[in-house]
Amino acid sequence: NQARQRERRLAELEQELLEKNCTVEALQERLDKSGQRRAEAEQTLTLRLQECEDELARQAATPPRVKVRTRPSHSKRVPYVTQTVEVESADSHRAVSELQVKNGALQDQLSLQRQLLKELEKQLHDSQRTCTQLRTQILVYEGEMQRAQGQLEVQMQNLEEEKNRVIEDAFIRAESEMKAVHENLAGVRMNLLTLQPALRTLTVDYNCLKKQVQDYPFLLETAISEVKQEICQVINDANTTNQDLLRKYKREMNLRKKCHNELVRLKGNIRVFCRVRPVSQEEQDSTDGKTMLSFDSDDDAVLYLTNKGKVMTFELDKVFHPQATQEEVFQEVQSLVTSCIDGFNVCIFAYGQTGSGKSYTMEGVADDPGINQRALRLLFSEVMENASDWDYTITVSMVEIYNETLRNLLGGNPTDKLDIKLNPDGSGSLYVPGLTEITVQSPDDIKKVFELGHMNRATACTNLNEHSSRSHALLIITVSGLNITTGNRTQGKLNLVDLAGSERISKSGAEGSRLREAQCINKSLSALGDVINALRCKHSHVPFRNSRLTYLLQDSLCGDSKTLMMVQVSPLPSNMSETVCSLKFAQRVRSVELSYSSSRKHEYSSTSSSPTHDSYTIASQSIPFNI
């Protein structure tokens with residue numbers, strides 16, 4: 001390939017050299033013609049120049065013609081005559097001018113011809129130099145061609161030797177392969193002889209399989225019918241097992257519910273806990289900072305109170321020290337909360353004087369919530385745990401009882417008054433028409449409900465507490481459940497009540513509207529004490545209707561309901577009288593035993609379904625603890 005390329009390049013160079021030679025010859029011809037023309041032009045110019053010189057000499061030899069003109073003088077003094085001598089040689093001047101012009105033109109032509117001659121000589125010189133270079137390059141290429149030709153001859157010889165060697169190797173390999181093919185062919189012939197019996201066997205097997213395929217539909221139908229019978233038997237056995245398991249599940253659920261109910265009943269249908277408020281740093285620094293309460297190290301249900309040199313002992317279900325946390329308090333309460341899921345009505349309320357910590361126990365603070373939020377979280381946890389078997393719906397309502405008036409804390413206008421009525425379905429239960437019920441599905445929903453309810457709750461100032469709540473706050477949680485397996489339905493209600501602070505009017509310093517609020521609060525607490533006393537004495541008549549509070553909580557304070565009272569007390573000496581009254585009332589409440597029969601002996605009126613404000617006589621001072 002390199003040789004061919006070099007041959008092509010050499011041919012191109014030869015062609016180019018030929019063209020250059022032609023160009024040089026053409027330039028040489030043009031140079032010769034130009035030389036001839038220049039010689040002819042020089043000769044012509046020389047002749048004409050000679051003619052001009054001869055003409056000039058002839059003119060010079062001609063004598064000039066002189067004209068004399070006389071001009072008279074007009075001077076008056078000396079007359080004279082002026083003569084002008086003119087040499088008239090116009091022809092000679094014109095001839096000289098023409099000759100000079102011709103001479104200049106000839107000189108210009110001569111310079112142009114000389115310049116053209118120089119250019120042609122330069123082109124000739126360049127062509128000769130290019131021709132010399134091309135001849136040198138041709139010599140170089142001819143040397144390279146000779147070397148390439150020698151290399152090609154050597155390579156051709158090597159390739160020829162390699163070809164011969166490859167042919168010999170291929171021939172040897174082909175002979176060995178042919179020998180192996182002959183050997184394989186002999187083996188194949190032997191295999192064919194041995195495969196003939198196997199082929200006959202396969203033919204027989206094929207015929208058998210063909211017959212089986214023809215019989216396959218019948219065999220398939222038979223097998224399907226047998227499998228159907230087996231599946232039906234298995235399904236019947238599974239249904240029987242499922243029915244048995246369902247009966248056992250129902251029995252276990254009823255047993256669990258019964259055991260849980262029995263556990264709560266053994267602990268007391270109305271349980272009473274006492275929580276002692278811790279003393280603040282300001283109270284410790286004051287003269288009133290001495291604590292009048294002490295605890296039994298061996299029994300967490302006993303509380304000692306030192307009053308006027310006497311030690312009083314109070315036995316309750318549980319006494320919480322001032323250092324007790326919200327979590328420890330709720331652990332004792334959560335068994336009642338789970339009873340709500342089983343369909344029981346549960347009531348948990350905080351009772352005590354103003355500033356004893358009722359709101360903290362029930363509501364808590366943002367980073368340490370109280371019973372209300374913890375109860376709802378526990379309900380959500382139980383609902384999620386039983387989601388595979390039960391479908392639960394949790395609704396929340398918040399009610400405020402202010403001056404014996406029911407207010408809807410979750411409604412658009414909290415000043416609207418609500419009423420308590422008997423349910424028209426004949427079940428004897430109570431309901432509040434117009435009460436807002438919000439379905440909650442997450443802790444975020446709970447937070448929004450609490451924020452709305454707290455914003456609408458009425459507060460005022462007293463001497464005992466700068467931010468004392470002046471109303472009873474009720475958080476009503478209804479849990480409705482549907483068993484997906486059995487179809488059973490349950491409905492329970494959880495009432496979480498933050499009672500208004502109780503204090504003596506003379507001590508609180510309330511006046512005007514605050515005085516009426518205090519009187520209504522003490523009146524409703526007195527009505528609660530009357531209901532508890534009637535239940536404790538098992539009276540046939542329980543005065544639930546004497547207060548909006550007791551009337552609204554009627555279904556959670558009787559029958560198979562579960563009730564817990566959290567008594568909040570202060571350990572300071574200045575609050576001893578209120579603390580003694582609260583603890584005595586707590587002991588009386590603890591002795592109350594609810595029974596199902598008592599739930600049918602409540603007072604009902606045929607003329608009115610709820611108490612009215614006109615049925616009360618407000619006393620100037622009423623103390624709910626002296627029952």
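Arginine 247 is partly exposed, at 49% relative accessibility, where partly exposed denotes values between buried (under 20% relative accessible area) and exposed (over 50%), computed with a 1.4 Å probe on protein chains only. The structure is a predicted model, in which local features need pLDDT of at least 70 and side-chain atom pairs count only at pLDDT 80 or more, whereas totals for chains, interfaces and linings use all residues. Residues are numbered from 1 along each chain as its sequence is written, and side-chain values use heavy atoms, with hydrogens and water left out.

The side chain of arginine 247 forms a salt bridge with that of aspartate 244, with an N to O distance of 3.7 Å; a salt bridge is defined here as a side-chain nitrogen of Lys or Arg within 4 Å of a carboxyl oxygen of Asp or Glu. Both residues belong to helix α2, where a spacing of three residues places arginine 247 and aspartate 244 about one turn of the helix apart. Helices (H or I, at least four residues) and strands (E, at least two) are taken as DSSP runs and numbered from the N terminus. Aspartate 244 is likewise partly exposed, at 30% relative accessibility. Through salt bridges that share partners, Asp244, Arg247 and Lys248 are joined into one network.

A further pair in helix α2, which spans residues 90-267, consists of lysine 163 and glutamate 160. Their side chains meet in a salt bridge at 3.1 Å, N to O. Because lysine 163 and glutamate 160 are three residues apart in this helix, about one helical turn separates them. Lysine 163 has a relative accessible area of 42% and is therefore partly exposed, and glutamate 160, at 38%, also counts as partly exposed.

In helix α1 (residues 2-61), arginine 9 and glutamate 12 are three residues apart, so that about one helical turn lies between them. A salt bridge links the two side chains, with 3.5 Å from N to O. Arginine 9 is partly exposed at 34% relative accessibility, and glutamate 12 is partly exposed at 47%. Across the whole structure, the search identifies 13 salt bridges. In general, side chains of opposite charge can pair when their charged atoms come close.

Cysteine residues were also examined. The structure contains zero disulfides, a disulfide being a pair of cysteine sulfur atoms within 2.5 Å. Cysteine 22 is partly exposed, with 42% relative accessibility, whereas cysteine 131 is buried, with a relative accessible area of 5%.
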